[in-house]
Number of protein chains: 2
Amino acid sequence: MSLALDDSQWPEHLAPLKEVDNLLRCGICFDYFNIAMIIPQCSHNYCSLCIRKTLSYKAQCPTCCVAAVEPDLKNNRMLDDLVKTFNSARQQLFQAVLDSPSVSPPA
Amino acid sequence: MSLALDDSQWPEHLAPLKEVDNLLRCGICFDYFNIAMIIPQCSHNYCSLCIRKTLSYKAQCPTCCVAAVEPDLKNNRMLDDLVKTFNSARQQLFQAVLDSPSVSPPA
Ligand SMILES: [Zn+2]
Ligand SMILES: [Zn+2]
Ligand SMILES: [Zn+2]
Ligand SMILES: [Zn+2]
């Protein structure tokens, strides 16, 4: 079977999970959070490297513009756990689609 | 069709999502986070009411025992968004199972 599912394609029957996937992505790099950091004063989250680089140019949250500096950042480890677990589930669900000819492929 | 899926049952083909579901639950009440609060010093999360009640008896995180008091708590709104979005996706996926006779029911 030549069909392959790339990272951005969700089979139609799993489409409701796309929105969960979107929430687990950093608003700076649009990839899954990599060492998620929360800005506690506004509750926004970014990858550690993404937000540190951004704050070094401008001391504010890139989403809501609240004043923020690097020492404000706190780990949000639950998001790292969710990225890891969700990503693993996604891969298993995608593999099941590829293995099962009875489920329709993505459009 | 008399089959109904209760909240705790996951159809077999969606089993990989069970672990994601578990992560979105509070370690005090075991329900989905309801107004999630993070203890920034250890990154553990609980429902707002659950952790406030717990801290009023003992000023430490119930998971890792780090010292914590109510003013330490910060909203972790991403978890509220994830609970809402994941729960909605779960309901849509469960409904699709009930609507589709070709997918096997839960064991
Ligand atoms: Zn990033
Ligand atoms: Zn913000
Ligand atoms: Zn709770
Ligand atoms: Zn803790």
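Author: Donors are N, O and S atoms within 2.8 Å of the metal (3.2 Å for Na, K and Ca); water is not among the atoms, so sites may look incomplete. This is a predicted model: local features need pLDDT of at least 70, side-chain atom pairs count only at pLDDT 80 or more, and totals for chains, interfaces and linings use all residues. Residues are numbered from 1 along each chain as its sequence is written, chains are lettered from A and ligands numbered from 1 in the order in which they are written, and side-chain values use heavy atoms, without hydrogens and water.

Reader: What spacing do the donors of the zinc ion (ligand 3) follow along the chain?

Author: The SG atoms of C26(B), C29(B), C47(B) and C50(B) coordinate this zinc ion at 2.3 to 2.4 Å. Along the chain, the spacing of the donors is C-x2-C-x17-C-x2-C.

Reader: How many residues apart in sequence are the parts that C26(B) and C50(B) tie together?

Author: Helices (H or I, at least four residues) and strands (E, at least two) are DSSP runs, numbered from the N terminus. C26(B) sits in the loop between α1 (18–23) and β1 of chain B, while C50(B) belongs to helix α2 of chain B, so the pair ties together parts whose separation in sequence is 24 residues.

Reader: Which geometry does the site of the zinc ion (ligand 4) have?

Author: C42(B) (SG), H44(B) (ND1), C61(B) (SG) and C64(B) (SG) coordinate the ion at 2.0 to 2.3 Å. Four donors count as tetrahedral if all angles lie between 85 and 135 degrees. The angles among the four donor atoms here are 102 to 115 degrees, which makes the site tetrahedral.

Reader: Are C42(B) and C61(B) buried or exposed?

Author: Buried means under 20% relative accessible area and exposed over 50%, with partly exposed in between (1.4 Å probe, protein chains only). By that criterion, C42(B) and C61(B) are both buried.

Reader: In what order do the three strands of the open sheet in chain B stand?

Author: Strands pair if DSSP finds at least two bridges between them. β1(B) and β2(B) pair over four bridges in the antiparallel sense, and H44(B) in β2(B) is the bridge partner of I39(B). The order in this antiparallel sheet is β2-β1-β3.

Reader: By how many degrees is chain B turned when laid on chain A?

Author: Two copies of a chain are related by a rotation about an axis and a shift along it. The superposition is by least squares on the C-alpha atoms of residues with pLDDT of at least 70 in both copies. The RMSD is 0.0 Å, the shift along the axis is 0.0 Å, and the turn is 180 degrees.

Key
Tetrahedral: all angles 85-135°; square planar, octahedral: opposite > 155°, others 65-115°.
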